[in-house]
Amino acid sequence: MNTDTLKYLKCPVCHAEGLRRDDNAVKCVNSHAFNVARQGYIDLLLKAGKRPEGDSLAMVEARARFLASGTYAPIADLICRTAIPHLRSLSVPTPVCLDLGGGTGYYLDALRLCFKSQNITPSSILGDVSIYAARRAARILTDTLVVRMDTWQQIPLVGSSVDVGIIVFAPRNAIEIARVMRDTGRLLVVTPAEDHLAGVMKLFGVVGQESNKREHLLNSLSPYFHSVESNRLRYEVTLTRDQALDVLSMGPNARHIDIEDVRSKLHALNAIVTLVDVYLDSFAPNL
Ligand SMILES: C[S@@+](CC[C@H](N)C(=O)[O-])C[C@H]1O[C@@H](n2cnc3c(N)ncnc32)[C@H](O)[C@@H]1O
Ligand SMILES: [Zn+2]
């Protein structure tokens, strides 16, 4: 855990800015204490109220296996290629990077590596509500603050602190994201486009992407952000049976699909050809 980055966190109880490490906990100035788990993540979820669970263990494991196949590496590359020129133009010595709904930390890890190759050392923070995602991300991203948080509530970060925010296939709470971004910050959002994984979805009769996902994104962010760049990334991939099963098991359809049915259908196939089709939209805060 990078304790220098704790100054960007905010107490979810009294909203005091900056936390400090104290044994197996982090504390605010008013002594509200939050557990640091054995794996190294900080739990800033409030005990009271409705707590969403986020991704299950099976979903997180499927996601980790699928991402390790490199199928989505071009998405990570595009995020890096978009973020780096912006950071170079800011010339901030230690930029703050935030990955919301960051899951296993795949994209934040790629971004950190890419920064390092440019001699930029970021302070990075990953927020996710899933205990399984937080455990896994904290084990891998040892110099990142991995924080269990519900991004639909108040994001437990100091206002105007983030230089680069990324959100990849994850929920977006526009007003809170706007609060934590610096005026000069950039928010990079990846959403599925119309043909994303269509070959897999069709095969299993799973409902495809809502074609209005990006429109919804643009509408929800427009009171706080304006678009500065937009890219559509489309490429064909050939998935093995295991990869097709993982991509179905890690996504929003995971709770509705009959895994055994999918397994038996996949048995008859050698490979599944499909498209990866996503948008990467880059936003700047409205001033
Ligand atoms: C589709 S996954 C994407 C994970 C990661 N961005 C990636 O692409 O590898 C969505 C992630 O958002 C998290 N999530 C869902 N609801 C959330 C919430 N209210 N607050 C924080 N994270 C949430 C899930 O636990 C999951 O890790
Ligand atoms: Zn407090």
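**Close-up views of the two ligand sites**

**View 1. The pocket of ligand 1.** In this predicted model, ligand 1 takes up the space of the largest pocket. A pocket is an open set of points on a 1 Å grid over the protein atoms alone, with protein on both sides within 12 Å along at least five of seven lines; a molecule sits in it if more than half of its atoms lie within 2 Å of its grid points. Local features need pLDDT of at least 70 and side-chain atom pairs pLDDT 80 or more, and side-chain values use heavy atoms.

**View 2. The shell around ligand 1.** Gly101, Asp128, Asp150, Thr151 and Val168 come nearest among the 20 residues around ligand 1 (a heavy atom within 4 Å). The shell comprises 10 nonpolar, 6 polar and 4 charged residues, with Gly counted as polar.

**View 3. Polar contacts of ligand 1.** Oxygen atoms of ligand 1 lie 2.6 Å from a polar side-chain atom of aspartate 128, 2.9 Å from a backbone N or O atom of aspartate 55 and 3.4 Å from a polar side-chain atom of arginine 63 (N or O pairs within 3.5 Å). The protein covers 92% of the 590 Å² of accessible area that ligand 1 has on its own (Shrake-Rupley method, 1.4 Å probe).

**View 4. The zinc site.** Cys11 (SG), Cys14 (SG), Cys28 (SG) and His32 (ND1) coordinate the zinc ion (ligand 2) at 2.2 to 2.3 Å (donors: N, O and S atoms within 2.8 Å of the metal). The site is tetrahedral, with angles of 101 to 113 degrees among its 4 donor atoms (all angles between 85 and 135 degrees). Along the chain, the donors follow the spacing C-x2-C-x13-C-x3-H.

Definitions and conventions: Residues are numbered from 1 along each chain as its sequence is written. Chains are lettered from A and ligands numbered from 1 in the order in which they are written. A polar contact is a pair of N or O atoms within 3.5 Å; within protein, one must be able to donate a hydrogen and the other to accept it, and residues adjacent in sequence count only if both atoms are side-chain atoms. On a 1 Å grid over the protein atoms alone, a cavity is a set of points where a 1.4 Å probe fits but cannot get out, and a pocket is an open set with protein on both sides within 12 Å along at least five of seven lines; lining residues have an atom within 4 Å of a point. Donors are N, O and S atoms within 2.8 Å of the metal (3.2 Å for Na, K and Ca); water is not among the atoms, so sites may look incomplete. Four donors count as tetrahedral if all angles lie between 85 and 135 degrees; four count as square planar and six as octahedral if opposite donors are over 155 degrees apart and all others between 65 and 115; anything else is irregular.
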